[in-house]
Amino acid sequence: AKSDGRGIYRHFDLDLQKKIDHRLDMERALREALAEDQFELHYQPIVSAQKPQVVGFEALIRWDHPTRGRMSPAEFIPVAEEVGLIADIGAWVLRRACADAAAWPSHISVSVNVSPLQLLSSAFPNLVGDALAKGRLSPNRLELEVTESIFLTDGDGALKILKQLQMQGIRIALDDFGTGYSSLGYLNKAIFNKLKIDRSFVREAGIKKEAVLIVQAIVALASSFNMTITAEGVETADELKLMRDLGCHQIQGYIYSKPMPFQKTFELFEKKDTR
Ligand code: C2E
Ligand code: CA
Ligand code: CA
Ligand code: CA
């Protein structure tokens, strides 16, 4: 082992340099992806808990890089946020999703993930209006999914923007509920139409009694604010039964379907139900 500090610093520099190179690499690749239309949206069905009927789809971005292959949004979205490309990528997602959704039956809505930086940019409300108008989609068929982290920097600013969007008829969902900085205080501002219970709770509730109590409490709280409750990442029949019994209104997860290409979504409307 090196006992002098210089060896350690040299390692540190190398690691840092690698990170910077990787970042620059990714930034270049992301710009190229936008310019060359490498992104795609896949759609995961959101299913009513009462009867197996699709009520909407969540749009999830996909990136097949020509040489690197499929890259996970969990990996490249944070990079896009850091290098300032999230506004451009987010705008592309919104436009694509609104245009796609307009081709579905009119009772089917689309849910779009919105990054905090994107939501808080002054151009956002106009961008949404533009995407709806260009896609000829009614605002009540669009749902925006945000996470609790939107409240970290400018909570009041975020609330103002969300209210403005809601006044246009757009629904707002609180995504990944319970995983981050918990903003119970914001629940009672009656700003969210929907709460999405994170997959980690769904899985734990299938294993531990205590976790069931937590989901029960979340459902009770959200219901008292008249929110729609969606359980995310439901994979097994046991989890499905549990989430139904606990009073969740909607189910999303591999038990019904993985995210699918846009063209495949139409097969679901041809059948009576999703099973
Ligand atoms: P998220 O918004 O929480 O999306 C749900 C993720 O869980 C998706 O991963 C989905 O494919 C996955 N999933 C759904 N059901 C199941 C299940 O039953 N089991 C398991 N194991 N996973 C399930 P995906 O598509 O890889 O997206 C990861 C994250 O990337 C998303 O998490 C979201 O935070 C972000 N993301 C994806 N698309 C966009 C986008 O267009 N814009 C922004 N800002 N973020 C996006
Ligand atoms: Ca989401
Ligand atoms: Ca989620
Ligand atoms: Ca997530």
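## Helix α9

Let us start with helix α9, residues 209-224 of this predicted model. Helices (H or I, at least four residues) and strands (E, at least two) are DSSP runs, numbered from the N terminus. The 16 residues of α9 reach 23 Å from the first C-alpha to the last, close to the 22 Å expected at 1.5 Å a residue; the expected span is 1.5 Å times one less than the number of residues.

Which residues of α9 are buried? They are Ala-211, Val-212, Val-215, Ile-218, Val-219 and Ala-222. Buried means under 20% relative accessible area, exposed over 50%, and partly exposed in between (1.4 Å probe, protein chains only). Seen down the axis of α9, these buried residues fall within an arc of 125°, so they line one face of the helix; the arc is that of the directions from the helix axis to the C-beta atoms. The face turned away from the buried side carries exposed Lys-209, Leu-213 and Ser-224. The cover over the buried residues of α9 includes β6 (171-177), β7 (194-197), α8 (199-205), β8 (228-231) and α10 (237-245), where contact means heavy atoms within 4.5 Å. After α9 comes Asn-226, whose phi is positive, near 60°.

## The calcium site

Now to the metal. The calcium ion (ligand 2) has Glu-58 (OE), Asn-113 (OD1), Glu-145 (OE) and Asp-175 (OD) as its protein donors, lying 2.2 to 2.3 Å from it. Donors are N, O and S atoms within 2.8 Å of the metal (3.2 Å for Na, K and Ca); water is not among the atoms, so sites may look incomplete. Along the sequence, the donor residues of this ion are spaced E-x54-N-x31-E-x29-D.

The calcium ion (ligand 2) and the calcium ion (ligand 3) are 3.8 Å apart, and Asp-175 coordinates both. Distant parts of the chain are linked here: Glu-145 sits in strand β5 (residues 142-146) and Asp-175 in strand β6, 30 residues apart. Both Glu-145 and Asp-175 are buried.

## Strand β4 and its partners

Strand β4 (residues 109-113) is mostly covered, with four of its five residues buried. Two strands pair if DSSP finds at least two bridges between them. Strand β2 (residues 54-65) runs parallel to β4, joined by four bridges, and Gly-56 stands opposite Ser-109 in β4. β4 also pairs with β5 in the parallel sense, over four bridges. There, Asn-113 stands opposite Glu-145 in β5.

## Aromatic pairs

Rings of Phe, Tyr and Trp (its six-membered ring) pair if their centres lie within 6.5 Å; planes under 30 degrees apart count as stacked, over 60 as edge-to-face and the rest as tilted. By this rule there are 13 aromatic pairs. Phe-39 and Trp-92 form a tilted one, 6.1 Å centre to centre with 45° between the planes. Phe-39 lies in strand β1 (residues 39-48) and Trp-92 in helix α3 (residues 86-101), so the pair ties together parts that are 53 residues apart in sequence. Both Phe-39 and Trp-92 are buried.

Tyr-43 and Phe-57 have ring centres 6.4 Å apart and planes at 80°, so this pair is edge-to-face. Both Tyr-43 and Phe-57 are buried. One aromatic cluster is formed by Tyr-43, Phe-57, Trp-104, Phe-262, Phe-266 and Phe-269.

## Reading the numbers

Residues are numbered from 1 along each chain as its sequence is written, while chains are lettered from A and ligands numbered from 1 in the order in which they are written. In this predicted model, local features need pLDDT of at least 70, side-chain atom pairs count only at pLDDT 80 or more, and totals for chains, interfaces and linings use all residues; side-chain values use heavy atoms, leaving out hydrogens and water.
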